[in-house]
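Please read it beside the model.

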Amino acid sequence: GDDPDPTNLNSAFTITSATDASLNGTYGSSNTPLSGVNKLERIGSTDSCSFTFENIPRTGGGAIAKGSVEYLVDSTTVRRLVLELGGGIYETTAVGTSTVSRANNNVSFAGNVLSSGTSTVTITGTIPMRSDRPSSC
């Protein structure tokens with residue numbers, strides 16, 4: 001997809017229970033850089049939509065978050081979240097309590113655990129998405 005560009009959209013989430021405690025804290029931006037949403041057509045599987053985000057800083061300094069979200073078409077189901085934090089790439093495919101809200105142009109996470117090898121982080125909060133999405137996204 002395209003590179004993320006600054007938006008006037010708010011992101012706000014917390015990282016807790018991180019194996020690397022320096023990653024714990026509140027992250028947010030009032031100008032979240034986002035890519036456009038791309039529709040991924042899959043043969044023999046449900047199509048999905050994806051976008052990337054970057055440069056979401058931790059309050060008080062330290063880590064800066066970036067990553068990608070993939071969700072199913074015509075659904076509120078998140079398929080995958082990848083989060084790059086502090087040099088690690090954390091990922092989940094067991095999305096648990098996450099919801100895509102097309103009306104609110106965001107994706108919400110409620111205690112989703114992501115792992116990078118044996119290290120884990122837990123994310124709670126929202127990441128925005130652009131409103132100019134392909135149909136079904």
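How many salt bridges does a search of the whole structure find? The search finds three salt bridges. A salt bridge here is a side-chain nitrogen of Lys or Arg within 4 Å of a carboxyl oxygen of Asp or Glu.

This is a predicted model, in which local features need pLDDT of at least 70 and side-chain atom pairs count only at pLDDT 80 or more, while totals for chains, interfaces and linings use all residues. Residues are numbered from 1 along each chain as its sequence is written, and side-chain values use heavy atoms, with hydrogens and water left out.

**Salt bridges**

| Pair | N to O distance |
|---|---|
| Glu70 and Arg42 | 2.4 Å |
| Arg79 and Glu70 | 2.9 Å |
| Arg80 and Glu91 | 3.0 Å |

Arg42, Glu70 and Arg79 are linked in a network. Strands are DSSP runs (E, at least two residues), numbered from the N terminus. Glu70 bridges to Arg42. That pair links distant parts of the chain: Glu70 sits in strand 5 (residues 64–72), and Arg42 in the loop between strand 3 (38–40) and strand 4, 28 residues apart.

Accessibility has three classes: buried is under 20% relative accessible area, exposed is over 50%, and partly exposed lies in between (1.4 Å probe, protein chains only). Glu70 is buried at 8%. Arg42 is partly exposed at 28%, and Arg79 is partly exposed at 33%.

The Arg80 and Glu91 bridge joins strand 6 to strand 7, so it ties together parts that are eleven residues apart in sequence. Arg80 is partly exposed at 30%. Glu91 is partly exposed at 33%.

**The hairpin**

Strand 6 (residues 78–85) and strand 7 pair in the antiparallel sense over five bridges. Pairing requires at least two DSSP bridges between two strands. Two residues separate these strands in a hairpin, and Gly86 in the turn has a positive phi of about 55°. Leu85 stands opposite Gly88 in strand 7.

**The disulfide**

Cys49 is joined to Cys137, S to S 2.0 Å. Cys49 lies in strand 4 (residues 48–57) and Cys137 in the segment after strand 10 (119–128), 88 residues apart. The S-S torsion is about -90°, so the disulfide is left-handed. Cys49 is buried at 0%, and Cys137 is buried at 3%.

Notes:
Helix = DSSP H or I, 4+ residues; strand = E, 2+ residues; numbered from the N terminus. Disulfide = S-S within 2.5 Å.
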